[in-house]
Amino acid sequence: MLVRALSSLEQQTYKEIEIIVIDDDSDRSVEKIVNNINNTHIRYLRSPNIGGAGARNVGIKEARGEFIAFLDDDDYYHCDKLLLQLRQLKKTSTDVVLCGSYNLTTKKEQVLAEDHDIEFALRMGNPYQINLLVRSEVIKVNKFDEDLPNGQDWDILVRLIKAGVKLSYIAKPLVYRDDGDHYRITNSIIYKDSQTQKRLTAINKHRAWLKEKYFKYRCAKEELAYISKRKEKLFVILNVLRKYGIKAIAYVIVARMLRYV
């Protein structure tokens with residue numbers, strides 16, 4: 001998967017890029033894989049198991065370009081991803097360009113309308129994952145929150161909006177996401193109550209920005225996530241109904257229909 005991800009970067013139609021591989025304390029095979037790729041634009045850096053947010057912050061610090069983008073090793077880019085996002089930045093005079101994606105497992109696109117309300121979409125969830133291209137000067141002063149156990153991708157977009165940063169969107173699936181059977185953090189989570197509470201940390205952080213209606217919806221969504229894998233399903237549903245109300249559950253259903261989750 002790492003080779004596939006790096007290959008998609010080498011095949012970008014926009015060629016003036018540096019590729020920084022942050023190895024968050026994996027086994028040494030990763031370094032060998034990178035060293036076997038004959039590309040002088042690739043830099044390999046190893047971090048001491050500091051987590052996804054910390055590893056990304058290392059990359060942000062080390063990046064020398066005018067713009068920064070992110071790619072997890074199990075995903076890969078459309079060949080025009082960076083070119084189209086750079087054109088969008090110049091055309092719209094924005095600081096961040098988001099884009100749609102294609103899920104390789106479900107074989108479905110997650111693409112919203114070009115002119116949709118990004119702030120509303122973020123109140124409903126995070127349909128963008130980490131697909132952004134951002135001006136370096138912006139992200140270097142708004143790094144990922146390493147204190148959050150998860151939800152860092154959503155948190156950083158919310159903080160950028162709260163800071164007055166301008167965001168735009170390309171309604172094309174420019175990132176291919178792999179949610180298959182391989183190991184990834186999302187698939188490894190055991191949905192116990194303790195894990196659910198961790199998933200609410202970022203939401204609680206931005207409760208005032210979300211406003212109470214959306215806050216309750218987001219909490220209900222997280223507590224009902226992967227309900228099929230939870231024990232005592234009826235108890236969980238009744239507990240969510242008691243804490244957040246029927247409207248919050250209704251919003252969860254609507255959000256799924258609108259593909260904001």
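Here, a residue is called buried when its relative accessible area is under 20%. The model shown in these views is predicted.

**View 1. The whole protein chain.** Take a first look at the fold: 13 helices and 8 strands make up the protein chain. Its C-alpha trace spans about 60 × 40 × 35 Å along the principal axes. For 261 residues, a compact globule would have a radius of gyration near 18 Å, and the 19 Å of this chain agrees with that. Buried residues make up 48% of the 261.

**View 2. Asp 75 meets Arg 177.** Here's a salt bridge whose closest N and O atoms are 3.2 Å apart. It ties together distant parts of the chain: Asp 75 sits in the loop between β3 and β4, while Arg 177 belongs to strand β8, 102 residues away. Both Asp 75 and Arg 177 are buried.

**View 3. Asp 155 meets Lys 205.** This salt bridge has an N to O distance of 3.0 Å. Asp 155 has a relative accessible area of 0%, so it counts as buried. Lys 205, at 36%, is partly exposed.

**View 4. Chain neighbours and a network.** Glu 222 and Lys 221 pair up through their side chains in a salt bridge, 3.3 Å from N to O. Glu 222 and Lys 221 are both buried. Elsewhere, salt bridges with shared partners join Glu 18, Arg 43, Glu 62 and Arg 64 into one network. In total, the count for the model comes to 17 salt bridges.

Terms used:
Residues numbered from 1 in each chain as written. Predicted model: local features only at pLDDT ≥ 70, side-chain atom pairs only at ≥ 80, totals over all residues. Heavy atoms only, no water. Helix = DSSP H or I, 4+ residues; strand = E, 2+ residues; numbered from the N terminus. Rg over C-alpha atoms; globule rule 2.2 N^0.38 Å. Buried < 20%, exposed > 50% of the residue type's maximum accessible area, 1.4 Å probe, protein only. Salt bridge = Lys/Arg side-chain N within 4 Å of Asp/Glu carboxyl O.
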